[in-house]
Amino acid sequence: MTTYEPAGRSGRRRTGRWALLAATAALATALTAPPAAAGTGQETGTQRICNTRTGVSHTDHTGQTFTTDLYCENAVADVFASPQNYGTVVAKLVTTLSWFVCWETGELHAGGNRIWYYTQGDRILNWPLREGWGYVPAFYLWTAEDPFPGLPPCVPTLKKTGPAAGS
């Protein structure tokens with residue numbers, strides 16, 4: 001294998017420059033990236049995007065349409081089939097700016113409250129008929145308050161079944 005060595009430069013010197021460049025890049029990333037414990041919504045001195053929007057339209061796998069959402073920065077997170085820890089993961093949020101259509105009270109999570117937000121995950125992992133719809137614990141969103149003011153609670157869809165459905 002042949003390696004290219006610029007004339008008049010030793011490999012040792014080039015390695016040192018690359019190490020310095022890598023260290024500088026790592027420092028710059030560390031200074032501009034959110035903290036590793038991000039997702040609590042409690043970071044000081046940071047301005048986060050988190051607001052409600054009206055006039056939007058999201059329809060879930062049950063056919064229920066939502067016209068208000070919370071558009072908010074979030075950490076990468078699992079999306080659960082129900083608002084409980086260690087439940088079935090149906091999808092994953094891989095984007096860090098997502099929308100959430102309502103909230104529900106569920107199991108106590110690492111954020112210290114019971115608020116879970118309903119959304120559609122970016123990548124479906126299980127139960128494809130759910131189309132990635134499920135719940136994310138509130139501590140993954142950069143909200144200042146949970147539930148977020150202006151976002152409605154989740155209301156179950158009432159489906160008509162049986163002989164009375166046609167009347």
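Predicted model: local features only at pLDDT ≥ 70, side-chain atom pairs only at ≥ 80, totals over all residues.
Local features are reported only at pLDDT of at least 70, side-chain atom pairs count only at pLDDT 80 or more, and totals for chains, interfaces and linings use all residues. Residues are numbered from 1 along each chain as its sequence is written, and side-chain values use heavy atoms, with hydrogens and water left out.

With a disulfide taken as a pair of cysteine sulfur atoms within 2.5 Å, the count is 2. When the bonded cysteines of the protein are numbered in sequence order, they pair as 1-2, 3-4.

Cys50 belongs to strand S1 (residues 50-59) and Cys72 to strand S2 (residues 65-73), so the bond ties together parts 22 residues apart in sequence. Strands here are DSSP runs of E, at least two residues long, numbered from the N terminus. Both Cys50 and Cys72 are buried, that is, under 20% relative accessible area with a 1.4 Å probe and protein chains only.

The disulfide between Cys102 and Cys154 likewise has an S to S distance of 2.0 Å. The torsion about its S-S bond is about 90°, and the disulfide is therefore right-handed. Cys102 is part of strand S6 (residues 102-105), whereas Cys154 falls in the segment after strand S9 (133-137), so this pair connects parts that are 52 residues apart in sequence. Cys102 is buried at a relative accessible area of 1%, and Cys154 also counts as buried, at 18% relative accessibility.

Note on methods. Helix = DSSP H or I, 4+ residues; strand = E, 2+ residues; numbered from the N terminus. Buried < 20%, exposed > 50% of the residue type's maximum accessible area, 1.4 Å probe, protein only.
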